[in-house]
Amino acid sequence: MLNIKTTNVLPKLLLAVAFLGLICSLSIPSVGQADEPQPNLVAGAGSVIVHSRFGGQIFGFDIDQNGTEGVLSEAQTLSNGNVLAAVETFDQTTGKILNVLIKTTTQDDFVTLGVVGNSVGLVEREHVISLFHVQRTFRAMNPLSANKFTGLWTPPIGSKHLLEEVSRNQGTSNVAVFAIGLNVNPVVFSSNVAANTFGPLVALTDPAFTFGVPPVLAFDSKANQAVLAQDFGSPTSVPVIGLADLATGTVTTFTGVGLGFVNGIAVDSADGIACTTTEIDFSVEFYDLAKKIGFRVTLPGATQQIFSGADVEFDPVNRLFLVAQPVSSTAGSGSSIQVFDTKGNFIESINGLSFSNASNVIPAHIALKPSNRTGFVDGPSAGVTEIQSFTY
């Protein structure tokens, strides 16, 4: 039997422990502040698979961050030598193809350049007139949910330039556009796709952007500048970062970090931070664009070039950079998406995916839906005929 002294002390001890716990919970912050990016405990590959309607390889896709639909282009060679090419919209929730906007069985094909601005889909058509004569036109779907082409987008480039990339910006009126030069210098310029208006053409002269592999492109909407990155084509080269003012035409460059080709880029415009991936050292780089300095972070678990990153996309709502990794360094097989915050801290791995750039005509792409932390990426079909959902 407990004595009187013990029975009197025990409740007091329990009360003191409870009080101490309350004080600690009030005065000591939990791991990770509320305003810091947190890992998603249910992050991973999703069950929604979008199949191209006619079984062709997907030539670019994107989703509307403020809507419920996505868009893709597909193409496959027929037995008679012609090409079945089509543009299709799909439902983000079910993966079902909603509408075939256009289908041809000639030598033409289509490339989805992205969803930009406020729910505007943009598609390039390559109309083959003869063996060396291809006419390129650009069609807009404004909005994407109209499930039809609503007008033309007419960038001010002639036969000496070939449009290479349009930055993937949603929620801002303008995008940055890069056009490779044919015996002339490449150019960048801004455009409001919905209004079909354009800024001045800005010529690029740095050899890193004019020789070898074209630079990767992102748009800093706050500073109204195109951000480019690439090296001179040598595996041991350090990348050059370019900042092109899309109003004045001024271009400045600075030496980056990392080694080898730059595979992907994205920009956090609010904070002036760019994130890139480099091939040789399987790293991710983070740059303060105002200070023109950067640092590199090795991808988690990566030990060799095969684990290098590819496409990079930025989620401005949750302030996260997502890096596509075709050969996963955090899973036993397949591909992953590695997630970092804007300070370069590793947040989480999204494993269980399967995508590759080995046979892609259009490089693997991450499309994000920041409002519910979901997205789509190429795969799992090795024939690039599907895209798969994921959660982060």
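In this predicted model, Ala-140 has Gly-151 of strand β9 as its bridge partner. Strands here are DSSP runs of E with at least two residues, numbered from the N terminus. Three bridges connect β8 (residues 133-141) with β9, and the two run antiparallel. Two strands count as paired if DSSP finds at least two bridges between them.

β8 and β9 belong to an open, antiparallel sheet of four strands, ordered β6-β7-β8-β9. β6 (109-116) and β9 (151-153) are the edge strands; each has a single partner, so one side of each lacks a neighbour in the sheet. From one strand to the next, the twist averages 35°. Angles run from 0 to 180 degrees between N-to-C directions, with axes as lines fitted to C-alpha atoms.

A hairpin is formed by β17 and β18, with five residues between them. Gly-249 in the turn has a positive phi of about 85°. Five bridges join β17 (residues 240-245) to β18 (residues 251-255), in antiparallel fashion. Val-240 has Thr-255 as its bridge partner in β18.

The second largest pocket holds about 240 Å³ of space. A pocket is an open set of points on a 1 Å grid where a 1.4 Å probe fits, with protein on both sides within 12 Å along at least five of seven lines; lining residues have an atom within 4 Å of a point. The volume is the space filled by probe spheres set on the points. β8 gives the largest share of this lining, four residues.

Residues are numbered from 1 along each chain as its sequence is written. Local features need pLDDT of at least 70, side-chain atom pairs count only at pLDDT 80 or more, totals for chains, interfaces and linings use all residues, and side-chain values use heavy atoms, without hydrogens and water.
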